[in-house]
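These are my notebook entries on a few places that I looked up in one structure. The sequence and the model come first.

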Amino acid sequence: MTTFTSDPVGKSVPRVDMRDKVTGAAVFADDMQFGPGLHYGRLVRSPHAHAIIKKVDASQALEVPGVKAVVTGKDTPTRIGLYLKDRFIFALDRARLVGDPVAGVIATSEEMAEEAARLVEVEYEELPAVFDPVEAAQPGAPLIHPELGEYEVVNFIFPEPGTNISEHFKLRRGDVESAWPRCAAIMEGTFRLPQIEHVPIEPHVAVALWEQSGQVTLWTCSQSPFAQRDLIAQSLGIPHGNLRVISPYVGGGFGGKAGVSMEACAVAMARAVQGRPVKLRMTREEEFICTTTRQSLVAHTRIGCDAECNLLAMETQYYFGGGASNEYGVNIARAAGYSCTGPYLIPNVKGDSYCVYTNTPIGSAMRGFGMPEIHWGIEQIMDQLAEKIGMNPAEFRRRNCVKSGATILTGMEMPAVDLVACIDKVIGAIEWDKRPSASAPHKKRGKGMAIMWKAPAMPPNPGSSAIVRFNEDATVNVEIGAQELGQGAFTVVAQIAAQALGVPYEWVRVSAPVDTKYSPYEWQTVASRITWSTGNAVKAAAEHARGQILEVVAEHWEEDLADLDIKDGMVISYHSEREQPLQNMVVYGLPNEGFEGWKGGPIVGTGKFMPTYVTNLDFETGQGARAVVHYTVGAQAVDLQVDTDTGQVEVLKIASAYDVGKAINPDLILTQIEGGAVHGLSSAFEALQFDEKGRPLNANFVDYRIATIADVPREIHGDIVETPLEDGPWGARGVGEHVMVQTAPAIANAIYDALGIRFTDLPLSAEKIFLALQEQ
Amino acid sequence: MHSITVTVNGRPEYLTVPPNMTLLRMLREVLALTGTKNGCEAGECGACTVLLDGEPVNSCLTLAVEADGREVTTVEGLAEDGQLSALQEAFVELNAVQCGFCTPGMLVSAHALLARNPRPTEQEIKEAMLGNLCRCTGYLRIVGAVQTAASAAADAGGAA
């Protein structure tokens, strides 16, 4: 039976990648075959958190049989980075974290590479290290990047040379000083989040081949093939057209495979053994420490409201612990700055958001991009204010949350969203007003909620493009540079193409793997931007192709273009009721009467999308006409119980609702909502731990536990709200990251409801909760 | 080097392997059966789960020579003649897959569970799959897919 889905937008059609993924046929980067000529790389890493590299001696390593070359920082003297070029591919003069790559060994087997890596002798001179972002931001702290003032930086990021501050975003609106006396309730606190890891089940893998002709190919699991091409090409002096990045399916990204991390090492190592592919594969320990992590945060936040519960003022300082390089992370602090109020309308705001260098693993993009971090404190303070004023926290949020058309903290008008509807949905689903009892006398039950907003955090002008081509049988190939990470991007773009063309969903194929040599440009698969941005490009490409088809048929039938349409793969005329199947004509065109010549030819549609309306913001105030493209908003509520004998938290149910504009594939959105809720739940209990010298203590799955199948709630309820986005395809906006942003504070609010104890620092370990109960 | 005979997905293979080669590396690097995934090489994530004489094992902690004279089933062996198994069908139907990297190990663990316990409870499913980590799905649909497959098998058995 052949399935035939007309008008697939809005329908929960099956994913395009399922069959490959349940049979083992789906190819990931580690599965690609390179034959017996493949070489293997192993990185030599700094054992010190902060040290001068005095000497690297590879002579012993080079004597190991099978060792072909050793690459060091001297081979990669040009800094690399997305927003701020602050990192050497191999550490040159200074190691800035335990795990900084100092050298790379290339050998004919993994074992030999590993053995030789141990023989590379590096002489270090240890320097004082700093791990806490607040300490690191103080004058007199050990300087991690003394050359900060020389680094190339984009024009919307503001480092403070001579300090460890790589970005300082200032938000000034209204007058907080005059507002505080008018507040009936003011709550404040310091909230801390540790560094956590993305923990994709697929570790980073990169294979690079540098041919003697100068052509370079990188095969890797990447959210950012084009950004990697751009950044690696710049740093290693490769013409962009000579560097080809190929990325098959990605085994989970969550931001960890965005931008460049170890991939550049693989390319630099391949240059040393030209003509041979070099494979570099992270161990799980390296994956935890040496790729990238979520930044830590220390937030000092103070918020006040009047007796009628109107929010009046907020003052906040966010110190993001950005790790040893902030080349990507600077924009997290910026995003946290321009969204520093969370999803609330507050007339008087003073916000300072800092990204700070620390001698810890590199903080970079992770699902939520600064928003889970800042909502952790904001959403607890909102509950505290509601309690103090004596108002239901749901009602408090309904009154104060962002509304369509309102002027938000940067002076921008809030695009249409319905956050109140999201609040109402989760309140209904969690049965907010019911107070069920715990399952045992030693357990205490509680409910909590939290709301969120997040904008895609990007440069002002990230572009997407797409190509739509027809085959003889009228099946369609859609080419995009966006990546399938598991979120369902390929399925959604297939739906969009089918809908815009007027062909059944089953006729559309998405070309994979993404290959920068053949795929059209895409900035990165990040920021929950693919359904919206790539979706717009695919829709434009499909409409372009559709227009070409209709023109040929209109001319052929001598009819008015406006009378023609494409339905289920057939051109139809509402005027003459004639029909023309797409088969063959989309490649060969149509013959004139009596075969006196032909019309048309192969149909190829192209489309692009780039937001053109985002403005830079004032350096002193963070004010500007249009800070971001849009916001996605949502609410979550949790029902949980705490075991007072052990401090263990058992989450019974999570209810989520998000305003996605338009659900292109409703069930895929629910899969994001469910997976995100568990990711958010898990994140509340995770922390990378280090000793006093910055050495990792728990870089493995046993000591760094992520949620297992036994930890998940019995029920995760999802609701979809649809307030169309002005420039989204059929009104759609992204939701992939938002689904975990406010889970941790919702849990903290529920724990407070259960125990009457507030926890300001993550993780919410059983030990911490147990000790707090003892104190109580 | 050791010469071994292993039945992989129903077909005998005669192989020469070094003594320290793991079953995972034998499958992936010698037989190019790359459906079995390498997630940690420490027996902690379950992505490399295969069946050894019907029992689920972490192939990263099993030596290739231990498989000598035994039967190995990988994710590639679950479909028969191009027909997905009821379990695979259920994973597809319920969208119990996102990135797909943990999926082969999940399927193999669930397959072994259903072979020894055709009607597992939710708790039994969770116990059997505790060693299979997933970062994308939130697990609920995976539990649901195993239950769906169990029901489908029971219905088919009832009709026969």
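**Entry 1: a helix in chain A**

I listed the buried residues (under 20% relative accessible area, 1.4 Å probe, protein chains only) of helix α11 (residues 393-400) of chain A, and they are P393(A), A394(A), F396(A), R397(A) and N400(A). They lie on the same side of α11(A), because they cover an arc of only 160 degrees around the axis; the arc is taken from the directions from the helix axis to the C-beta atoms. An α-helix has 3.6 residues a turn, so residues three or four places apart point the same way. Helices are DSSP runs of H or I with at least four residues, and strands are runs of E with at least two.

I noted that the model is predicted: local features need pLDDT of at least 70, side-chain atom pairs count only at pLDDT 80 or more, and totals for chains, interfaces and linings use all residues. Residues are numbered from 1 along each chain as its sequence is written, chains are lettered from A and ligands numbered from 1 in the order in which they are written, and side-chain values use heavy atoms, without hydrogens and water.

I then looked up the packing partners of the buried residues of α11(A), which include β15 (296-305), α10 (371-389) and α17 (743-755) of chain A.

**Entry 2: a glutamine in chain B**

I found Q98(B) in the loop between α2 (86-93) and α3 (103-116) of chain B. Q98(B) counts as buried because its relative accessibility is 5%.

Conventions. Buried means under 20% relative accessible area, exposed over 50%, partly exposed in between (1.4 Å probe, protein chains only). Contact means heavy atoms within 4.5 Å.
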